[in-house]
Amino acid sequence: MSIHEEKKDILGQSYIYMNYQVDKKGFYGNFGGAYIPEMLVPNVEELRNRYLSIIQEESFQTEMDQLLRDYVGRPTPLYLAKRLSEKYNTTIYLKREDLCHTGAHKVNNTIGQILLARRLGKTRIIAETGAGQHGVATATVCALMGMECIVYMGAVDMERQKPNVERMKMLGATVRPANSGSKTLKDATNEAIRDWINNPVDTHYIIGSVVGPHPYPDLVARFQSIISEEMREQLIDKTGSPNPNYVIACVGGGSNAAGAFYHYLNEKSVNLIAVEAAGQGVYSGHSAATTFLGKPGVIHGSKTLLMQTEDGQITEPYSISAGLDYPGIGPMHANLFETGRAKFYSVTDGEAFNAAMLLSRMEGIIPALESAHAIAVLENIPVKKDDVVVINLSGRGDKDLMTYITRKDEFTK
Ligand SMILES: *Cc1c(COP(=O)(O)O)cnc(C)c1O
């Protein structure tokens, strides 16, 4: 199936309609699908067959809206950053996902998935986590719903991210170390998949970004799309138009960007800017700039762009920010890159670090290191005086305080 669909406009002229959403087979153009072991097919099929009808039920939407409002704190503000706007001689709004309960956008998705899991009759939740942010967001909603929660985490990551391990335990989750391979995220993912194969009936696997086999990328994008839904209404209020000139978001797996882009995908006048982590430099060997370095391949059950060696082994990514430290990118974004609908930039550790300092001093907002990548790209895009720019501030910087304290001398001159 092609994503380039020929249509006729009202005058009978034919034009090409590009569909950036998932197709019936689970693909975004050349990317996506469900490349999974046979043992996992029943679990994924059940989800695929039922997710759309469940999340469109009125009772689902009522419960979801209420939790997003009263528990997460939505709608999050769209804040006019006056001093930052002056510095870059344009108009910059920040979408304040950093004000969500638990400190980032991830909870929008875990709330949605736990409500879905309950309606699928599941009683047990599993998840994998790298830095622990998705683990915390999952443990939080499991506590809220009184459901059993098991989070797989690489043993090395557990050591590196102790505060988040303690948070998950405090919220009642069991954190199980993955001791194989490099003892990091991909090993935790393998353990979670093994668990799901062994517990197909009572268990739902909450994936934390727009990655994994179909229907996960679409499911997660729909739950995060509340971000651009609110942006449109808030912009009408503030500027008279729902459409800005730019929407900017950082990309790890791509869930906050998917949410910020979602309702603008077919609005050609809106420039979509995705920012990846260049780590110590795109070609330094220590980077997570997937669209610059990646080739098509399969990771976590999905065909997408992926950093890999000549013979197809996944290479270890690197970024100062744990949330962007991922060797792939969601299939929606691989397609946005390939079609040119979104422009991809990359930002180094140092540039992100300094952007975090800048935002703190200029606006009194300490951002997550991930989100600081989206701020830093302002140095590289040709914004004009009359432009309206929206930056999705995906999370707050509390979790990064030790990095901000200990690496200051390295990055500031
Ligand atoms: C996890 C995380 C990210 C990266 O994940 P996406 O799926 O790419 O959004 C970005 N920002 C923050 C604050 C995060 O916690």
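Student: What is asparagine 245 in contact with, leaving aside its neighbours within four places in sequence?
Tutor: Keep in mind that this is a predicted model. Asparagine 245 is in contact with Ser269, Val270, Asn271, Asp386, Asp387 and Val388.

Student: Which atom of valine 388 does the side chain of asparagine 245 reach?
Tutor: The backbone nitrogen, at 2.8 Å.

Student: And how far is asparagine 245 from valine 390 in space?
Tutor: The two are 8.2 Å apart, C-alpha to C-alpha. In sequence, 145 residues separate them.

Student: Where does asparagine 245 lie?
Tutor: In the loop between helix H10 (226-239) and strand S11 (246-250).

Student: New topic. Is histidine 373 buried or exposed?
Tutor: Buried, because its relative accessible area is 0%. Histidine 373 sits in helix H15 (residues 369-376). Its contacts beyond four places in sequence include Cys250, Val275, Ser319 and Thr348.

Student: How far is a polar side-chain atom of serine 209 from an oxygen atom of the ligand?
Tutor: 2.6 Å. For asparagine 256, a polar side-chain atom lies 2.8 Å from a ligand oxygen.

Student: How much of the ligand's accessible area does the protein cover?
Tutor: 97% of the 380 Å² that the ligand has on its own.

Technical notes: Residues are numbered from 1 along each chain as its sequence is written. This is a predicted model: local features need pLDDT of at least 70, side-chain atom pairs count only at pLDDT 80 or more; totals for chains, interfaces and linings use all residues. Side-chain values use heavy atoms; hydrogens and water are left out. A polar contact is a pair of N or O atoms within 3.5 Å; within protein, one must be able to donate a hydrogen and the other to accept it, and residues adjacent in sequence count only if both atoms are side-chain atoms. Accessible areas come from the Shrake-Rupley method with a 1.4 Å probe; for residues, only the protein chains shown count as cover. Helices (H or I, at least four residues) and strands (E, at least two) are DSSP runs, numbered from the N terminus. Buried means under 20% relative accessible area, exposed over 50%, partly exposed in between (1.4 Å probe, protein chains only). Contact means heavy atoms within 4.5 Å.
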